[in-house]
Structures are given as C-alpha cells and as structure tokens.
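Let us take a walk through this structure together, one piece at a time. Have the sequence and the 3D view open as you read.

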Amino acid sequence: MAPTATTETGPTRAGVLNSANAGFIVYRTGQLEYDFVDDGIKFSADLVNYLNRAQGDTISTYLFTEVFGARHRLHWLVHLKSPHDYQRLLKMVDTDQAYQDISTKDRLPARGGGNWERMFVPGTFSERVLCPQHGFGKPPEGAFDPRTMFAVPALYQTTQPEDIQLSSATAGAIVVRTGKARYEFREECRQFAVAWAEYVNQALPGIVTAFLFEEIFGRQDTLHLMIHLRSLGDYGRLTSLADEDPGYRDFLRRSWVMGRDGDGTWGNLYVPGSLQDTVLLPQH
C-alpha cells in the first residue's frame with residue numbers, strides 16, 4: 001500500500017520516510033482555482049499515490065489542505081534522505097510514462113480540456129527546502145547511515161519515546177510555525193525553539209510532537225517548527241498550557257541571551273511580525 005498521511009497515532013510503517021526520520025524535506029504549496037477544486041484535489045491525490053508506489057522506498061510524499069488560512073491551498077511534504085534522491089523525481093518527470101499519463105492527459109474533457117495547468121492559479125507553486133535543525137540530538141551509534149542521510153533526523157531532537165512520536169505520516173493535523181530569527185540571536189533562537197519543542201513533547205506525550213527545521217537554499221535563519229497534533233482539536237491543549245502549567249509560564253519568561261535580562265526572552269529572538277502558524281490537515 002502506498003504511504004499516505006493518516007490520523008492514526010503511533011509509529012509509522014518501517015522504512016516509510018516522514019518528518020521524524022527524513023534528512024531532507026521539500027515543502028511545496030499551490031493554490032487551486034475555485035472552479036477546479038475537486039479536479040485539482042483528485043489530480044494531486046492520484047499523483048501522490050503513484051509517486052509513493054513507484055518511489056516509496058526512497059521518497060515519501062504526503063498531501064495536505066490548509067485550514068484557517070487560504071481556502072483551497074494545497075501543501076505537499078516530499079520526504080527524502082538526501083537531495084541526491086530528488087534526481088529520481090526529475091527522471092520520472094522526463095521518462096516515466098505512467099507519471100506523464102497522470103500529469104498530461106486531458107482530465108477536463110467536458111470543461112474545455114486541460115490538466116493541472118488549468119486547475120492551479122498561475123505563479124502560485126512554490127517550494128522551500130527544510131532540513132532537521134543540525135547541532136541538536138545525539139542518535140545512538142549505528143542508528144542511521146550518515147553517508148545517505150543529509151542531516152540527523154528530527155526524531156533525535158527529543159526524548160519523547162519514538163513509539164509515541166507523531167509525524168507527518170501519522171498526525172491528524174500539523175501546525176507549521178515559521179519565524180525569522182534575528183541575526184544577532186540566531187543561535188539563541190534555535191536553542192529556544194528546540195527547548196520549547198522538548199517542553200511541549202514532555203508535557204503532552206502522545207498528543208503533540210514538535211520538531212525544529214531550518215530553511216536552506218532560501219531565506220537565511222528562517223526556522224520552521226513542525227508541530228504534529230493527534231487531532232485538530234488538540235490544538236486547544238497546546239494553547240492552554242500557558243494557563244494550566246506554571247512551569248511552562250516560567251519557561252517562557254526565561255532569558256536566552258547570556259548576561260541580559262528581560263530583553264533576552266524569547267520574544268526578542270525573532271524578527272517582529274515574522275511568526276506565522278499554518279494549519280494543515282491530511283488529504284486522503
């Protein structure tokens with residue numbers, strides 16, 4: 001069976017890449033034309049399912065819809081071990097007949113003809129490259145092959161047991177929290193983000209698993225917290241921590257800049273206005 005995102009909790013099937021065990025993620029977004037929403041979702045699901053059948057041993061792709069944001073914007077997370085594996089996708093685009101049948105056949109015969117180029121708003125496809133934040137986490141000896149993995153997988157950032165960790169393959173919802181670190185506090189901002197994720201992971205095991213990723217080949221010091229929720233309703237459990245957990249309130253008041261008090265708290269580590277939450281639901 002092709003790997004697809006699911007709302008079930010627990011570990012994902014062995015060998016299937018996801019946000020916890022991948023070394024490199026291509027994060028793509030695209031806006032559907034309102035007249036072709038159903039057609040665009042069907043096309044996207046067909047393509048993802050075929051990619052996972054054909055490349056599932058090396059690349060796993062999951063499809064999500066955005067909620068509480070832009071209506072009918074789709075999100076794809078393409079999980080790889082290394083950027084070298086992306087070459088397999090490029091080869092498929094050029095030479096794989098089944099792939100070309102999905103992406104080029106007339107899927108709108110009764111509506112003027114066409115394929116994905118009519119279903120999506122021109123110029124809205126964009127890609128960012130994310131990798132697990134380096135410098136955090138100590139995997140056991142022999143846990144993975146560093147010759148094939150671009151970065152240490154995110155699952156080693158936390159002490160939350162691996163068998164209860166949520167990921168892009170098992171979460172019922174994902175909050176992608178993006179923020180721009182101030183250049184002068186780039187290291188402190190990363191330390192805060194990983195520590196915040198670990199606090200949440202320990203406070204809400206089996207309900208929330210958060211990992212930190214950094215954007216590469218793009219905007220420098222742009223950080224992405226991928227917050228995996230058991231269900232969309234559990235977002236309330238996350239936001240209520242500040243009201244229910246005195247330790248969490250104390251954590252948020254900590255200073256992360258050595259020798260500075262007050263202005264070294266987490267709010268001064270990010271560029272103002274840069275923090276943004278995007279909520280994703282798996283599209284089956």
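Predicted model: local features only at pLDDT ≥ 70, side-chain atom pairs only at ≥ 80, totals over all residues.

Strands of a sheet pair through backbone hydrogen bonds, either parallel or antiparallel. Here 8 strands form a closed barrel with antiparallel pairing, in the order S1-S3-S2-S8-S5-S7-S6-S4. From one strand to the next, the twist averages 35°.

On one side, strand S1 (residues 24–31) is joined to S3 by 8 bridges, and the two run antiparallel. Arg-28, for example, has Trp-76 in S3 as its bridge partner. Is S3 enclosed or open? Because 7 of its 8 residues are buried, S3 is largely enclosed by the rest of the structure.

Now move along to strand S5 (residues 173–180) and strand S7 (residues 222–229), an antiparallel couple joined by 8 bridges. Within this couple, Val-176 has Met-226 in S7 as its bridge partner. Two helices pack on the sheet. Helix H1 (residues 37–55) touches strand S2 (60–67) and strand S3 (73–80), and the direction of H1 makes about 155° with that of S2. Helix H5 (residues 186–203) touches S5, strand S6 (208–216) and S7, and its direction makes about 160° with that of S6.

Leaving aside neighbours within four places in sequence, the residues in contact with Thr-222 are Thr-178, Gly-179, Lys-180, Glu-214 and Glu-215.

Next come the contacts between helices. Two packed helices are described by the angle between their axes and the distance between the axes. The axes of H1 and H3 come within 10 Å and cross at roughly 170°, and these helices are therefore roughly antiparallel to each other. Phe-43, Asp-46, Leu-47, Tyr-50 and Leu-51 in H1 meet Ala-98, Tyr-99, Ile-102 and Ser-103 in H3. This contact has 7 nonpolar, 1 polar and 1 charged residues.

Helix H3 (residues 97–104) also meets helix H2 (residues 86–95), with axes that come within 7 Å and cross at roughly 75°. H2 and H3 are therefore roughly perpendicular to each other. From H2, the residues Met-92, Val-93, Asp-94 and Thr-95 meet Gln-97, Tyr-99 and Gln-100 of H3. By class, they divide into 3 nonpolar, 3 polar and 1 charged.

Finish at Ala-110, in the loop between H3 and helix H4 (116–119). Its relative accessibility is 76%, so Ala-110 counts as exposed. Ala-110 and Ala-20 are 90 residues apart along the chain, and their C-alpha atoms are separated by 43 Å.

Notes
Residues numbered from 1 in each chain as written. Heavy atoms only, no water. Pairing = 2+ DSSP bridges. Helix = DSSP H or I, 4+ residues; strand = E, 2+ residues; numbered from the N terminus. Axes fitted to C-alpha atoms, helices over the stretch in contact; angles between N-to-C directions. Contact = heavy atoms within 4.5 Å. Parallel < 35°, antiparallel > 145°, perpendicular 65-115°, else oblique. Nonpolar A, V, L, I, M, F, W, Y, C, P; charged D, E, K, R; others polar. Buried < 20%, exposed > 50% of the residue type's maximum accessible area, 1.4 Å probe, protein only.
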